[in-house]
Amino acid sequence: MTSADETPVRVGVFGLLGSGNLGNDGSLEAVLGYLRAEHPEAVVDALCGGPEAVTTRFQIPATRLHWYRGEYRTASRAGAIAGKGLGKLVDVFRTAAWVRRHDVVIVPGMGVLEATLPLRPWGFPYSLFLLCASGRLLHTRVALVSVGAAEIGNRPTRALVRWSARLAAYRSYRDARSRDAMRAMGVDTARDEVYPDLAFALPTPREWGIPCSEPGGELGEAPSGSPGPVCVGVMDFHGGNDDRARADEIYRRYLDGTIRFVRALVEEGRPVRLLTGDECDASVVAAILDAVDSPLVTAAEPSSLADLMNEMVAADTVVAIRYHNLICALKTGTPVLALSYAAKSDALMDRMGLGAYCHPAREVDADRLLEQFRALEKRSAELRQTLTERNLAAARQLGQQFAALTAALFPATDHDHDHDHARARARARQEAP
């Protein structure tokens, strides 16, 4: 790889970005912030699910991940099936050609090594394998940065994910359970590190100086002296890969339990703000609004993690299911109760000191959920202090992550060494008696 003094480093970012998932785009935003701060000379573009959205929002060129435009539609007709099959072949050459143009490719966060939601092996796992195999063959360093992983039962998916991880030049995980899962699947993780999720590197609305929503505004008006608003993050949740046979049952139990919980809050006079994390969650919001007909229940339309955080700083408490909704609450220091659908949620809550406040998303019990919610609110002041401390630690750890990423992926230049020597001399002067 050429040095930045000669030719700009060519960096690609890869993933299901720009496809309507706020968490994925938040991870991209964090990596772009790092690149622009530490490697402003880098030329960056993306291979992603929603290239138009990525270019519009992040101002970088972007290419469609799949040649076949109907990749995410169910193929039932012969023409569609043939198109998907041909697309898989064409994507081998398209992916390799894109990788060849780069010195480094970064996969920013996301649960790219897990199947905690329904996933077919020939979908994203196949695309990730093409990326990592192309990187190894073409000598382009591929980095899986603060990614999520989980043990996978489906053998084809498991094989593709395992080989993707093995072929990557750099790996780090967003929790220890992810690293343990990859070790259990046969990947040598001796040199792999664990850091917080990349979204913890994003500034909060207050750090940007953005005015935050106030209780009694869009969130609704609580009676004087009563507890304040509650944000409820929802999800179009049907279980994971191993739950396909009872997906409808899981969805109905989750939705019914959430509706009962929201209705109980409204009966207590609490304003409730419904939040999403993906475009597909809109149907769940509509179902809750239809079932709980009250002016105290309103819905937000967030388009970024910053929008979610802006909603959450105005709330007393958050109850959420999507992983990055939990992160937004934790990052803003708002006590949160997790409807946990995977080990990653439990690990996140443990790490931030709220491990006692998890409830199984597959078995939502509204009465038990209310008990946990009330216990959480009783400790609100204490937990806010805990979150302040844990967020500071997360920020330090992500600083270490970005330093490690620079050392692994980018060449040291004379310019860099000059700055290192200057900093060393400054420290020596400060420490001199």
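Residues are numbered from 1 along each chain as its sequence is written, and side-chain values use heavy atoms, with hydrogens and water left out. As the model is predicted, local features need pLDDT of at least 70 and side-chain atom pairs count only at pLDDT 80 or more, whereas totals for chains, interfaces and linings use all residues.

**Exercise 1. Find the order of the strands in the open sheet of seven strands, and then find its edges.**

Step 1. Helices (H or I, at least four residues) and strands (E, at least two) are DSSP runs numbered from the N terminus, and two strands pair if DSSP finds at least two bridges between them.

Step 2. The order of this open sheet is S3-S2-S1-S4-S5-S6-S7, and the pairing is parallel. Strand S3 (62–64) and strand S7 (193–194) have a single partner strand each, so one side of each is left without a neighbour in the sheet.

Step 3. Helix H2 (residues 51–58) packs on this sheet, where it touches strand S2 (43–48) and S3, and its direction makes about 170° with that of S3. Contact here means heavy atoms within 4.5 Å, and angles run from 0 to 180 degrees between the N-to-C directions of axes, which are lines fitted to C-alpha atoms, for helices over the stretch in contact.

Step 4. Within the sheet, strand S4 (residues 104–108) pairs with strand S5 (residues 141–147) in the parallel sense over five bridges, and valine 104 has arginine 141 in S5 as its bridge partner.

**Exercise 2. Describe the open sheet of six strands and follow the chain through its crossovers.**

Step 1. The strands of this sheet stand in the order S10-S9-S8-S11-S12-S13, with parallel pairing. The edge strands, each pairing on one side only, are S10 and strand S13 (358–360).

Step 2. Strand S8 (residues 230–233) and strand S9 are joined in the parallel sense over four bridges, with glycine 233 opposite leucine 275 in S9. On its pairing with strand S11 (residues 317–320), S8 has three bridges, and valine 232 stands opposite valine 319 in S11.

Step 3. S8, H8 and S9 form a right-handed β-α-β unit; a crossover is right-handed if, with the strands pointing away from the viewer, the path from the first strand over the helix to the second runs clockwise. From S9 the chain crosses through helix H9 (residues 282–291) to S10, and this β-α-β crossover is right-handed.

Step 4. In a regular strand the side chains alternate between the two faces of the sheet. In strand S9 (residues 272–275), Val272 and Leu274 point one way while Arg273 and Leu275 point the other way, and all are buried, where buried means under 20% relative accessible area, exposed over 50% and partly exposed in between (1.4 Å probe, protein chains only).

**Exercise 3. Explain why lysine 88 and arginine 171 count as buried, and find what their side chains reach.**

Step 1. Lysine 88 lies in helix H3 (residues 78–100) and counts as buried because its relative accessibility is 13%. A polar atom of its side chain lies 2.5 Å from the backbone oxygen of tryptophan 122. A polar contact is a pair of N or O atoms within 3.5 Å; within protein, one must be able to donate a hydrogen and the other to accept it, and residues adjacent in sequence count only if both atoms are side-chain atoms.

Step 2. Arginine 171 is found in strand S6 and is buried, with a relative accessible area of 12%. Its side chain reaches the backbone oxygen of alanine 165 at 2.6 Å and that of aspartate 188 at 2.7 Å.

Step 3. Arginine 171 and aspartate 192 are 21 residues apart in sequence, yet 5.7 Å apart in space, C-alpha to C-alpha.
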